[in-house]
Amino acid sequence: MSLQPAPAEAADPPRLIEARPKMSPRKKARISQGIQYGILLLAIVLALIAMDWRKLGTEMFNLDVIGAMLGDLPKAFANTLTYTVAAFAVGLSLGMVLALMKMSSVGPYRWLATAYAEFFRGIPALLVVLSIGFLIPILFGVKLPNMTVKIGIALGLVSAAYVSETLRAGLQAVPRGQVEAARSLGLSQSQAMRSVVIPQAFRIVLPPLTNELILVTKDTSFVYLLGLATSEYELTKLGTNALNQANGGLTGVVVVGLVYLIITLPLGHLARRMEKKNARQR
Amino acid sequence: MSAKSEVAAGQSGVVVDIAGLHKSFGDVHVLKGIDLRVQEREVVCIIGPSGSGKSTLLRCVNLLEQPSSGTVELLGIDVTDPDVDIDAVRTRVGMVFQAFNLFPHHTVMGNLVLAQRKVLKRSKAEAEEVAWANLRQVGLGDRATFYPSELSGGQQQRAAIARALSMNPALMLFDEPTSALDPELVGDVLAVMRDLAIEGMTMMVVTHEMAFARDVGDRVVFMDDGAIVEQGPAAQVIGSPQTDRARIFLKRVLDPTHIDDSEIGQTEPDDPT
Ligand SMILES: Nc1ncnc2c1ncn2[C@@H]1O[C@H](COP(=O)(O)OP(=O)(O)O)[C@@H](O)[C@H]1O
Ligand SMILES: [Mg+2]
């Protein structure tokens, strides 16, 4: 190879650096890439050798367990979707109010909205879900009618914190000149907002909002903290319940994990496509 | 139509009457007492070094900036009066920006129709008819269905002019309309503006195109440091400026390769610190 040691001039200090045989950057990059592929290959081979293949079948893709779950799967799937839609609806509406508050000229509105976002982004969603089941009945003397409302409010409160930030950034990403052009044509402030700013902001926020929807979808799994009747099971609860079945291993969670992916992968793909399209139109 | 006749009936043909206009942004005093009157059918070109307040002056005319003191009368209406419906006044004043500011989510036709429908409450058919006429006037009769991103800069600016014209303005404001364009696209835009001037549009044009100012402008106003330093017939101000500031500025613009070392930096805006 070309990695020969420097010839004898190495004894001459000022020329030391120059004298070292140079490797071209392109060659370096090629060698580095080769090493990375090598490591990857080694890891895969080791994993395949170390894995107990018979166990994999019974522990992760146990047909008996799958068969037993199949009947309840559609209902659980539907419940996950219902909880998601409820939470996202709350998050979107409240997030919009908070975003407007953040851009308000009234100081206290801004402070409130900022404090809200900081608070709910700073604590685990799990704590919020836990608290909601208990706090709202105590504080407001109302009993939340059903699980969809409970989880919708809990996750919606959290989601609104993120959504508000996304919407604010989206609205402010529309150049000032757009509003000025609209106003100079005689449109009122609110007409300019509706006809010019919001349609453009909408395109900007759609990808991040789709990603938020994915997060909410996964977070609906926290609903188990509120104590579920069988009819209220969603995917995660269904999957973890199946863990208790004898000899099934992890099959339950593997199955529902795959179902989550059926929901989330297309959404992620959609978000990326919209992002690319937006990038082209700028 | 009624737009023109109304102006004609307006007070003695004065379209814009600016008196004692001051504008400050916080501590920065940008306009220091501007008096300027623009007659109907007059084309006033405003020249001057960068930062001298030309844009701010135009923006005060249609209240994109709120004047700090002084009055701005448009068609006999004092627009600085808080009780005036500024949206209604703005429909009579077209503005063309350096950065075009077309709405990117609408086609060219959509851009021209939007405000006609929302503000003037024209029917779709009427708005489109007006739009077609204006698109043809600016040479974009074949670009109605294009999105702004599909047009060259020169085409975008002409579309922006057509958009403003579609509101039948009594006054057009141009803020360096060709400064963002590649040199070979400047001519088309200037030609459209010249045609407008010939048709009798009242115009205030901030520009560095001295040939345009000389040939099309009725009057040239030279601004420096927030004040009008010199004004007069276009040929006079550009041909034989009376003040040193105007002379130096014009020399720099007209002949940028022959600047004496002693003159370097002389027309730069003052260091704010
Ligand atoms: N919104 C603003 N806030 C603060 N300063 C501003 C604002 N707009 C303009 N200025 C200042 O006012 C001065 C004049 O600006 P401008 O009217 O744009 O000059 P010109 O158009 O002649 O180049 C500049 O010093 C600029 O920095
Ligand atoms: Mg300017």
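Predicted model: local features only at pLDDT ≥ 70, side-chain atom pairs only at ≥ 80, totals over all residues.
**Shell of ligand 1**

Next I went through the polar atoms facing the ligand. The side chain of Ser55(B) has an N or O atom 2.6 Å from an oxygen of ligand 1. For Lys54(B) I noted 2.8 Å, again from a side-chain N or O atom to a ligand oxygen. Ser52(B) takes part through its backbone instead, with a polar atom 3.2 Å from an oxygen of ligand 1. How much of the ligand does the protein bury? Ligand 1 exposes 560 Å² when taken alone, and 58% of that is buried by the protein.

**Where chain B meets chain A**

I turned to the interface and counted 24 residues of chain B in contact with 19 residues of chain A. The size of an interface is often given as the accessible area lost when the parts come together. Here I wrote down about 1700 Å² buried between chain B and chain A, with 58% of it on carbon and sulfur atoms.

How many salt bridges join chain B and chain A? My tally is two. One salt bridge pairs the side chains of Glu180(A) and Arg59(B), at 2.8 Å from N to O.

The largest share is from α4(B), with three residues. By class, I sorted the side of chain B that touches chain A into 12 nonpolar, six polar and six charged residues.

**A salt bridge inside chain A**

Last, I checked salt bridges over all chains and got 19 for the structure. Side chains of opposite charge can pair when their charged atoms come close. I picked out Lys102(A) and Glu165(A), whose side chains meet at 2.7 Å from N to O. Which helices does this pair link? Lys102(A) is in helix α5 of chain A (residues 73–102), and Glu165(A) is in helix α8 (residues 147–173). I marked this as a link between distant parts of the chain, with the two residues 63 apart.

Note on methods:
Residues numbered from 1 in each chain as written. Chains lettered and ligands numbered in written order. Heavy atoms only, no water. Contact = heavy atoms within 4.5 Å. Buried area = accessible area lost by both parts, 1.4 Å probe. Salt bridge = Lys/Arg side-chain N within 4 Å of Asp/Glu carboxyl O. Helix = DSSP H or I, 4+ residues; strand = E, 2+ residues; numbered from the N terminus. Nonpolar A, V, L, I, M, F, W, Y, C, P; charged D, E, K, R; others polar. Polar contact = N/O pair within 3.5 Å; in protein donor to acceptor, adjacent residues only side chain to side chain. Areas by Shrake-Rupley, 256 points an atom, 1.4 Å probe, with all protein chains shown as cover.
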